Amino acid sequence: MSTYDRSMALTGQPPVMLSRNQKIATLVGMFGLAVILLAAFNINFPNKSLWLTISLVSITGGAVWYSWDAYMHKAPGIKNDGVWFKSLSSQGFWGWIAGIALTGFYIVLYFYPEYLGLVAKGDNKGVIGLFDPLSKALSGNPASQWFVYGTLYTVAILAFGIKFLWKYRHNRYERIRTFSVMFFQTAFAFIIPELMARLNGSSLLNGGSLPYYDLKNMWPLNYYNFEGYRIKGFLSSGDIGFAMLIFGIATIFIISPVLTYKFGKRWYCSWVCGCGGLAETAGDPFRHLSDKTVKAWNIERWVIHSVVVFVTLMTTAVIYSYLGNDTSKYWLTKSSFLIGVAVLLTAVFVWVMLFKREQFKKDAIYGAIGYFVIIIALIGFHFYSGDGNVFLFKSGTLRKSYSFLIGSIFSGVIGTGFYPVLGNRVWCRFGCPMAAILGFQQRLFSKFRITTNGGQCISCGNCSTYCEMGIDVRAYAQKGENIVRSSCVGCGICSAVCPRGVLKLENGPLKGRIDSNQVLLGNDVDLMKLVNQK
Amino acid sequence: MENIVIIGNGIAGVTAARHIRKLSDKRIIIISAETDYFFSRTALMYVYMGHMKFEHIQPYENWFWEKNGIELVRGYVTHVDTPNKQVLVDGSRAFHYHKLIIATGSKPNKFGWPGQDLHGVQGLYSKQDLDLLETNAPNKEACKRAVIVGGGLIGIELAEMLRSRDIPVTFLVRETSFWNGVLPEGESQLINEHIREHHIDLQLATNLVEIIPDENGKVKAVTTDKGDTIACDMVGLTAGVTPNIDFLKASGIEFGRGVKVNRYLETNVADVYAIGDCAEQHEAIGNRRPIEAVWYTGRMMGETVAQTICGNRIEYRPGHWFNSAKFLDIEYQTYGWVFSERGKKEFEQHFHWRDDKENLCVTIAFHKETKQFLGINTFGIRMRHEIFDRWLTQQRDVEYVMEHLADANFDPEFYANYEHKIVSKFNSDFGKSIKSKKKSIKRIFQIS
């Protein structure tokens, strides 16, 4: 076996030392984190606004200063030098420490917010208390653990977004895309919902209560969007609330399919989405850690599609649970809703099986048939069983297990906590039902693909290595085949790192998009015809 | 069942094996002394630079070979016994073949420089060379300066590699300007400047005289024909490559610099073929050289020979020439033929454009009289292979190319476009009034 062995010697390693600037920058950033950590140990800071500002500014400043020193004295261009030699970015000691620390933070955040200082009745203490002034300034309410998280999340996207902008400053696609995720996180995910909460109950809304709504977050990512309390919230807020409900439905059935048709799922996953935003900025140093083996791909396909099925069942059950039976009150009853869902799913299934079947491998077809039969059987079950239990379970049980398993453990604890171990898109790749649905659309009827430039590929493997979604881009490129994969989020890094300029994200014609000619130009055309005869 | 033995697991040999497998169920044995599994040679530099680990530059997972019935043998072929149709590995194991494909690639050139075999002196071609580089130049403390001799693609890659570990580099180039035997002057100039931007001590028109050892037989310094002595801990010899065919001496297979092959890639011995870097055409094909040590030609020959071996005897007919490389941060692509000042044909006229701010330039070659488009070199702008292949086949004239240049652009979305600048320079150079057309998806993808 040829293995690339790592020397244990103290000399003989490439330079991974920090420069003086980087050391000071690390110190500044760590000071900011230390303030938060001290707050976590219930040190009460006298002037919270001041200390919170100091903390956030030094975290941001430290990160920005560090990256300025790392990139600004180098010529613009791909600079991945030493990525695999650094402990933090190559699953080494510091990588594991970072992974464990992040995971620990997520566990506390999701399940033990009291340790962060959340007080149910009365004033917050600790870290959450530290964030109270900012929260009050924005929404008028005291902070929650989610506000703390949201603030740190936004700070991370902004600070590391600046780093990303410098690292890829030669690449306009990457720059514009990063501005976009920074904007959507700051405005749509962070500030606007807080301001909307401030409008709660005002006369403007006739005394209704507008749910906290991150408008760019659509079902099934916000799997709770059609739960009873939210629907009530929407409907009690007059026209605005009703418009938001309609918008929520439109995002699923109109807006996202249209945009995905035109631009691929990237319009969402790497231009708008907050999860993607964090992955692309703070997660960028870990993008090469995603597993590219065929085995990982097989696991990915089964897990992510199972999550979609799960979320569909769960949402159906939840909506079902608060609908009535009386047709005279409202046209949408339990039965009509379930029939509607069954018809919709059948229509999608039949359409795919009739027109797009040849685009799937056998196991995908079996999987689709299996899932379809299960869903329809479960829906059918309703008509033979009494009320209360839909799909053999109580809707509450389904909802709770989804939000625990997928909503917290998967998307937070594993998805982000494992960045330094499994790569930065673990959640997007294996768990996000939204990514799966958009991916389905992308695979079947989008104009988007990654075009391969004729015969210019040298199979170097930069594209595959730096694909955060674990796609073996090279496998396609070296055959001269267009890359149409449902998991591709269109981050554009494969194209950026390609030393021969072979890859291009492109919205082209639908015809010949999948499994295109596979022409390796340069050879005699007749010969290539022969080679292509399978 | 036929035994196909392939010597060499580079791009040529492996492509041949894959295509033979596609077309038949013959027994396929690949013998290599270099590595267990196929890897992308052109990507070796990224392993040293820390962009990838060695396993990342292996295009196929390790189970691929067994699954596809391709047997891999690790060993050095010492003799090819053509009368008995056997190859001898490591002087002991014998493999019988029905058809033999020689795909052993190249080795770095050494021109008899004094001291060329000292410790710390090496080429850069094989996996072993990479391992050696890790020993010779692990970091800037162990290697206080490196000297690179030879101004080609491997030389600049080696310089980039060493610079990624902050090792000071002196680059000795025999020519008066970098790679100007291949590149037209303006482009060569651009690269000279870019090399210096990366703090590489580029010494043009300078030859290596001697490599001086220290008391341990390790390199201490080099002297140049300019009279300089340059202290260094490592010397990279990158003055081109030669076919790696020494083991064929007693085999009866005819060779010149490389293994002589006809257009069917057959050698003078029946059932023995040669492909890739080590194959030499009796007569050059078109403007190509008889030996082409290029990734893409290795791949094309592999495809061709697989057809022949599987019963569809077919001539090796490479289409329009193309190639690409990356000079530090500048990507380079070429389609068709653009010759340097030295190699220029008498009918060949050049149009050269260089951006006044960015590291971008384009040279287009065309026929003086007929205005037929002959080829393009592009630096810092990606171009679409398919389009130029089409235009070359259709024998478009240079004005058509100018007009439709936007169709050929392959840069990522939102990149700045330079077609207008290029065309207006063309217009002023040649007194034309061509207007560049907007990019058309219909034309690019030939949708009517």
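This is a predicted model: local features need pLDDT of at least 70, side-chain atom pairs count only at pLDDT 80 or more; totals for chains, interfaces and linings use all residues.

**Stop 1: the partner of R354(B)**

E193(B) and R354(B) form a salt bridge, and their closest N and O atoms sit 2.7 Å apart. E193(B) belongs to helix α6 (residues 185-197) of chain B and R354(B) to strand β23 of chain B, so this pair ties together parts that are 161 residues apart in sequence. E193(B) counts as partly exposed too, at 36% relative accessibility.

**Stop 2: the sheet around β23(B)**

Stay in chain B and colour the strands. You'll find an open sheet of 5 strands in the order β21-β22-β25-β24-β23, paired antiparallel. At the edges are β21 (322-327) and β23 (348-354) of chain B, each pairing on one side only. On average, neighbouring strands of this sheet are turned by 10 degrees against each other, direction ignored. Inside the sheet, pick out β24 (residues 361-367) and β25 (residues 373-379) of chain B: they pair in the antiparallel sense over 6 bridges. To see one of these pairings, select C361(B), whose bridge partner in β25(B) is F379(B).

**Stop 3**

Next, select R313(B) and E266(B). Their salt bridge has its closest N and O atoms 2.9 Å apart. R313(B) is in the loop between α7 (295-309) and β21 of chain B, while E266(B) is in the loop between β18 and β19 (272-274) of chain B, so to speak a link between distant parts of the chain, 47 residues apart. Compare their surfaces: R313(B) is partly exposed, with a relative accessible area of 48%, whereas E266(B) counts as buried at 17%.

Then go to D246(B) and K107(B), where the closest N and O atoms of the salt bridge are 2.8 Å apart. D246(B) lies in the loop between β17 (241-243) and β18 (259-261) of chain B and K107(B) in strand β8 (residues 106-108) of chain B, so the pair ties together parts 139 residues apart in sequence. D246(B) is partly exposed at 41%, and K107(B) counts as partly exposed at 29%.

**Stop 3: a buried loop residue**

Select T82(B), in the loop between β4 (77-81) and β5 (86-89) of chain B. Is T82(B) buried or exposed? T82(B) counts as buried because its relative accessibility is 14%, under the 20% cut-off. Beyond its neighbours within four places in sequence, T82(B) is in contact with Y97(B), S251(B), I253(B), V269(B) and V272(B).

**Stop 4: over to chain A**

Show helices α11 (residues 294-322) and α17 (residues 433-445) of chain A. Their axes come within 8 Å and cross at roughly 105 degrees, which means α11(A) is roughly perpendicular to α17(A). From α11(A), the contact uses I304(A), H305(A), V307(A), V308(A) and V311(A); from α17(A), P433(A), A436(A) and I437(A). These contact residues divide into 7 nonpolar, 1 polar and no charged.

Finish on strand β4 (residues 503-507) of chain A, where 4 of the 5 residues are buried.

Technical notes
Residues are numbered from 1 along each chain as its sequence is written. Chains are lettered from A and ligands numbered from 1 in the order in which they are written. Side-chain values use heavy atoms; hydrogens and water are left out. Buried means under 20% relative accessible area, exposed over 50%, partly exposed in between (1.4 Å probe, protein chains only). Helices (H or I, at least four residues) and strands (E, at least two) are DSSP runs, numbered from the N terminus. Contact means heavy atoms within 4.5 Å. Axes are lines fitted to C-alpha atoms, for helices over the stretch in contact, and angles run from 0 to 180 degrees between N-to-C directions. Angles under 35 degrees count as roughly parallel, over 145 as roughly antiparallel, 65 to 115 as roughly perpendicular and the rest as oblique. Ala, Val, Leu, Ile, Met, Phe, Trp, Tyr, Cys and Pro count as nonpolar, Asp, Glu, Lys and Arg as charged, and the others, Gly among them, as polar. Two strands pair if DSSP finds at least two bridges between them. A salt bridge is a side-chain nitrogen of Lys or Arg within 4 Å of a carboxyl oxygen of Asp or Glu.
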